[in-house]
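Take a look at the sequence and the model below. The report then walks through the chains, their contact and a few helices and residues.

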Amino acid sequence: MLNFLYAWGAPKTFYHYSKVLSKGFGIVSILALLFGWVWGLCYSPSDYQQGDSVRIMYIHVPAAFLSLSIYAFMASCALVTLVWRIKIAGLLLKSAALVGLVMTLLALVTGSLWGKPTWGAWWVWDARLTGELILLFIYAGLLALDNTLGENPASDKIVAIICWIGLLDLPIIHYSVQWWNTLHQGSSLLVMAKPKIHASMLYPLLCSLLGMLCFAGWAILSLTQVALLKREYRQQWVKTLEFK
Amino acid sequence: MANVTTTPWWVRQIQCEYLIIKRQKQSLVQSLLFFLMFVAFFPLAIPYDPAILRTICPGVVWMSATLAVFLSAERFYQQDIEHGCLEQWLVQKRPLTVYVGIKLMIHGLLHLTAMLLMSPLIGLMFQLSIWEWQTLIASLISGMPALVAMCGLVSAFGSYGQGRSLVMILILLPLILPVIMLGSSSIAAAMQGLPVAGFLAFLLALSLVMLLILPYATASILKICLQQGGL
């Protein structure tokens, strides 16, 4: 069992295992997204206050959830890179930064599109929105740093260190709706209690969430595979690869 | 001068850092002049309205303070790396964290002193009351450790002097934002007559946390820099 886990740290076995895993993620994500979005956008009930504009929730909430959880994933990759010196974790970190940036951008844009009909404003400077904007800048800064450091072998460690320091923003965003009196609504999906939204909206939301998670998994693994090939292009196993 | 056999190495390092700044005042003086000028130009650049000036004062002062500390921190480690002092430090197995900590302490104290000396001028420019001016001083004191620690961290990337300023500031700004927001909110709260102790306490807490963690992170980056022979 342990050997199986260690194999994930070696470039060649990681490449082949992750091919299988990313294919699985891809299939699940397409099915879950199709199912969740068609259900949510067409067949779920509209809100009594917001009308049909509530349907953007099925895109906004998964994207926002992912922007935070991808950063948490990056932090754990950073830990693995710094403590156990596993290079693959460094590659995963950088791929995740790109996917996380896109998710944060999506969350901000869909949020602002949702905010216009419901709050009357494209943007307000409340705690959660500001925190998410800061997260966007942190992602952008990490990517810029990675770009500048380029092929330097120490770039993995440095991006990992900076990723950990930016982790402070995460609890601020997550708890912002509890700590401050914000315009953004509070949490409807809680780990330790019953969800606050009805089942007819909950299930399509969970489905879209699963779909987005698997999409992120597929995207991160695919980007990592490309980065791995770029880094290991001189190895024998890369030269003998067949691309179907 | 310090007796090499009796004074501890870290005391000698403190004296050394202070001497370096005393003999090479340029970076400190220039960054403080930048602080003063940047703050002063806002009342000049914006159409004259005392109400607007008072509203923007906290934000302007804090952003200028951040930029001033960053600009002087850009060349923190450059000289020591070029002269080989850092490598000697590592060879003697001295903790690099202490080196970073001493540097931050000396630069932070000197910056703080000079900024506090300039604060009456800022109070005059923006027409602050005595209480608001006192809050400005308290917020600068509480937030300076965090500012200097974070600027020390991001300047570790550019330690080989290769024009990395833009990336440095791109990373610095999102991470230092809580400090800037708390600092300016404390002054804004003072302007509205609200209690400021909460903001200052939070600012002090952030400073303490950053002082604990960031020198260690900076030392790691510097070590990577030295092992690589450049970034």
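## Chain A and its fold

Among contacts in chain A between residues at least 6 apart in sequence, 77% join residues at least 24 apart. This is a predicted model. Chain A holds nine helices and zero strands. Its pattern along the sequence is α-α-α-α-α-α-α-α-α. The radius of gyration of chain A is 20 Å, close to the 18 Å that the globule rule gives for 244 residues, so chain A is as compact as a globular protein of that length.

## Chain B and its fold

Chain B has nine helices and zero strands. From the N terminus on, its elements read α-α-α-α-α-α-α-α-α. A compact globule of 231 residues would have a radius of gyration near 17 Å, and the 19 Å of chain B agrees with that. In chain B, 79% of the contacts with a separation of 6 or more come from residues 24 or more positions apart.

| Chain | Residues | Box of C-alpha atoms, along the principal axes | Buried residues |
|---|---|---|---|
| A | 244 residues | roughly 60 × 35 × 30 Å | 36% |
| B | 231 residues | roughly 60 × 35 × 30 Å | 41% |

## Where the chains touch

How many residues does the contact take from chain B and from chain A? It takes 15 residues from chain B and 16 residues from chain A. On the side of chain B that touches chain A, the elements that give two or more residues are α8 (165-191) and α9 (197-228) of chain B. The largest share of that side, seven residues, comes from α8(B). By type, the residues of that side of chain B are 12 nonpolar, two polar and one charged.

## The nonpolar core

The largest nonpolar core has 117 residues. A:Leu93, B:Leu147, B:Met150 and B:Leu172 have the most contacts inside that core. In soluble globular proteins, nonpolar side chains tend to be buried together.

Which residues does A:Leu93 contact, leaving aside its neighbours within four places in sequence? They are A:Met74, A:Cys77, A:Ala78, A:Thr81, A:Val159, A:Ala160 and A:Cys163.

## Helix α6 of chain B

Helix α6 of chain B covers residues 96-125. At 1.5 Å a residue, its 30 residues should span 44 Å, and its end C-alpha atoms are 42 Å apart, which agrees. Where does α6(B) bend? The bend is at B:Ser119 and comes to about 35 degrees. A proline, B:Pro120, follows within four residues.

The buried residues of α6(B) include B:Tyr99, B:Val100, B:Lys103, B:Leu104, B:His107, B:His111 and B:Met115. An α-helix has 3.6 residues a turn, so residues three or four places apart point the same way. What covers the buried residues of α6(B) includes α1 (9-23), α2 (26-45), α3 (50-73), α5 (85-91), α7 (130-155) and α9 of chain B. After α6(B) comes B:Gln127, whose phi is positive, near 55 degrees.

## Helix α2 of chain A

Helix α2 of chain A runs over residues 11-43. Its 33 residues should span 48 Å at 1.5 Å a residue, and the end C-alpha atoms are 45 Å apart, which agrees. Among the buried residues of α2(A) are A:Phe14, A:Ser18, A:Ser22, A:Phe25 and A:Ser29. Further along, A:Ala32, A:Leu33, A:Gly36 and A:Gly40 are buried too. The cover over the buried residues of α2(A) includes α3 (57-84), α4 and α8 (199-231) of chain A.

A:Leu98 sits in helix α4 (residues 87-119) of chain A. Is A:Leu98 buried or partly exposed? A:Leu98 is partly exposed, with 17 other C-beta atoms within 10 Å. Not counting residues up to four places away in sequence, A:Leu98 touches A:Leu143 and A:Leu223. A:Leu98 and A:Leu223 are 125 residues apart in sequence, but their C-alpha atoms are 9.1 Å apart in space.

A:Val83 belongs to helix α3 of chain A. A:Val83 is exposed, because it has 10 other C-beta atoms within 10 Å, and 12 or fewer count as exposed. A:Val83 and A:Lys157 lie 74 residues apart in sequence and 9.8 Å apart in space, C-alpha to C-alpha.

Note on methods
Residues are numbered from 1 along each chain as its sequence is written. Chains are lettered from A and ligands numbered from 1 in the order in which they are written. This is a predicted model: local features need pLDDT of at least 70, side-chain atom pairs count only at pLDDT 80 or more; totals for chains, interfaces and linings use all residues. The radius of gyration is taken over C-alpha atoms; the globule rule is 2.2 Å times the number of residues to the power 0.38. A residue is buried if 20 or more other C-beta atoms lie within 10 Å of its own, exposed if 12 or fewer, and partly exposed in between; C-beta atoms are placed from the backbone. Two residues are in contact if their C-beta atoms, placed from the backbone, lie within 7 Å. Ala, Val, Leu, Ile, Met, Phe, Trp, Tyr, Cys and Pro count as nonpolar, Asp, Glu, Lys and Arg as charged, and the others, Gly among them, as polar. The expected span of a helix is 1.5 Å times one less than its number of residues. The bend at a residue is the angle between axes fitted to the seven residues ending there and the seven starting there. A nonpolar core is a set of buried Ala, Val, Leu, Ile, Met, Phe, Trp, Tyr and Cys residues joined through C-beta atoms within 7 Å.
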